[in-house]
Amino acid sequence: MKYICTACGTESLKWSGKCPSCGQWGTLEESEELPVEKSGTKIGTAAKYESIFQDESKAFSSDTRISTGYTEVDRVLGTGLIPGEVVLISGEPGIGKSTLLMQVVLKFSEKKILYVCGEESPGQLNSRLVRLANNKSSSKIGQNFMVTEDICAENIVALIEKENFDLIVVDSIQSISSMQSRSYPGSISQVRICGAMLTHVAKIKRIPMFIVGQINKGGDIAGPKVLEHIVDCVLYLEGDQFNQYRILRGMKNRFGSTNEIGVFEMTGSGLQEVGNPSLVFLENDTKSSGSAIGAVLQGSRVVFVEVQSLVVERESTGGPMMRVANGIKKPRLDMLCAVMSRKGGVFLGDKDVFVNIVGGLNINDPCIDLAICAAIKSSAKDKVLDKESVYVGEVGLTGEVRGSWGVSAIIDEAQRVGYKSAIIGKSKLGKAQDIAVKKISQITSI
Ligand code: TYD
Ligand code: MG
């Protein structure tokens, strides 16, 4: 018997309240040793090997890619699925994971599909499917769409081995369980064993497989990190429950880049693709202080966002100092506030600062820094910024503004969608621009 930390995956032999590795409390869970499979191979015999070019049929070329029928999904996967590829798709409850997979399934209606429905009944799936297929009767959707309510991993694996499916969806990994473990479904050992069994059978039969994984309150996929390691691709569907846009983002991809995002709009008839997302995150123009337009490069596409900030005197709220960040990481906001206080001429030590990226996009790219600083300064000084200007640049600890590598793509797109000017850090721009470009080197210049 051993214990595994749900947060970091560290194994330890005895239980303790605090994980000895990552220091989190209450994350150690019981897990059983995997039974060693009895096979005929003698331990110590040399492993077999072969030339990498031995078997051409094992190679993946671009024509072995299978389109999901949605360009936004294909882009995130890297032009489609690969036979035997296992994709873990995760996100908050109710964000639209099952809806998205249902829609992908509908695009595969000519093919044979297995949907393991551990969370919803086939009846529920059926009614959703009919709704997503614009009320076509279920017989027209396709007789090849198979569902199973069996949640025993061994039975599911045996079924996959026996039948020839073209696509498998497991919704969700937390709802199925294996006989190899006595733990309850959703526990670490179950998730790990079931994940490994399903991945193995998908690889052997060369069938693409989507596995839905629930996330825990910390935002990680519930279960050990090992699940993320064994699958080929980890996707997150994110967005604000109260906003119609959903972003599909790659966290890991063995067969493509993780820079790309897919953008969808949740409508009454399911998720619709947003072909050009550059302006969808901008709300109606607000003509008040504390708002600045920033831009980030998401894979091959530029997305403009409105950064809002509110700076208030501490006395008005009373309690401890507040730095609230929505859509960016809190430490980044703390750092930018410190830089603004010391180098930017806006003292924030006695103020509460709130920052929000409108539209539900989570941004890690530091080139949003300049827009955040501009919004903070605008709120602190109560000065309305020009909404025709875009701010792009990374802010350093000495108050310097650096250029970002994607800035020329951002400027091109800003010009195309009609922005009048851009305030950027020091960077080399290839061609002459029609748009007024102001290069600044210090944060005091905004
Ligand atoms: P769902 O796919 O069940 O979420 P998950 O599998 O990630 O838990 O999505 C459910 C939400 O999507 C629910 O709040 C309603 C909404 N929705 C629509 O707005 N339109 C639709 O056509 C569908 C099917 C769902
Ligand atoms: Mg679901």
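At what angle do the axes of helix 2 and helix 3 cross, and within what distance do they come? Keep that in mind as you open the structure. This is a predicted model.

**Stop 1: helix 2 and helix 3**

Select residues 97-107 for helix 2, then residues 122-132 for helix 3. Look at where the two helices pass. Their axes cross at roughly 65° and come within 10 Å. Angles of 65 to 115 degrees count as roughly perpendicular. Helix 2 and helix 3 are therefore roughly perpendicular to each other. Now check the hand. The crossing of helix 2 past helix 3 is right-handed.

**Stop 2: ligand 1**

Next, select ligand 1 and show the residues around it. The shell holds 16 residues. Gly-94, Lys-97, Ser-98, Thr-99 and Gly-270 are the closest. By type, the shell has eight polar residues, four charged ones and four nonpolar ones.

Zoom in on the oxygen atoms of the ligand. Start at Gly-94. One of its backbone N or O atoms is 2.7 Å from an oxygen of ligand 1. Move to Gly-268. Here a backbone N or O atom sits 3.1 Å from a ligand oxygen. Finish at Gly-270, where a polar backbone atom lies 2.7 Å from an oxygen of ligand 1.

On its own, ligand 1 has 560 Å² of accessible area, and the protein covers 72% of that.

**Stop 3: helix 9 and helix 10**

Select residues 330-342 for helix 9 and residues 369-381 for helix 10. This pair packs at about 60°, with the axes 11 Å apart. Helix 9 and helix 10 are therefore oblique to each other. Helix 9 also makes a right-handed crossing as it passes helix 10.

**Stop 4**

Select Thr-79. It lies in the loop between helix 1 (71-77) and strand 4 (86-91).

Last, select Asp-171 and Ser-172. Is the peptide bond between them cis or trans? The bond from Asp-171 to Ser-172 is cis, with omega near 5°. Ser-172 belongs to the loop between strand 7 (167-171) and helix 6 (188-205).

How values were computed. Residues numbered from 1 in each chain as written. Chains lettered and ligands numbered in written order. Predicted model: local features only at pLDDT ≥ 70, side-chain atom pairs only at ≥ 80, totals over all residues. Heavy atoms only, no water. Near = heavy atom within 4 Å. Polar contact = N/O pair within 3.5 Å; in protein donor to acceptor, adjacent residues only side chain to side chain. Areas by Shrake-Rupley, 256 points an atom, 1.4 Å probe, with all protein chains shown as cover. Helix = DSSP H or I, 4+ residues; strand = E, 2+ residues; numbered from the N terminus. Nonpolar A, V, L, I, M, F, W, Y, C, P; charged D, E, K, R; others polar. Axes fitted to C-alpha atoms, helices over the stretch in contact; angles between N-to-C directions. Parallel < 35°, antiparallel > 145°, perpendicular 65-115°, else oblique. Left-handed = near helix turned anticlockwise from the far one by under 90°.
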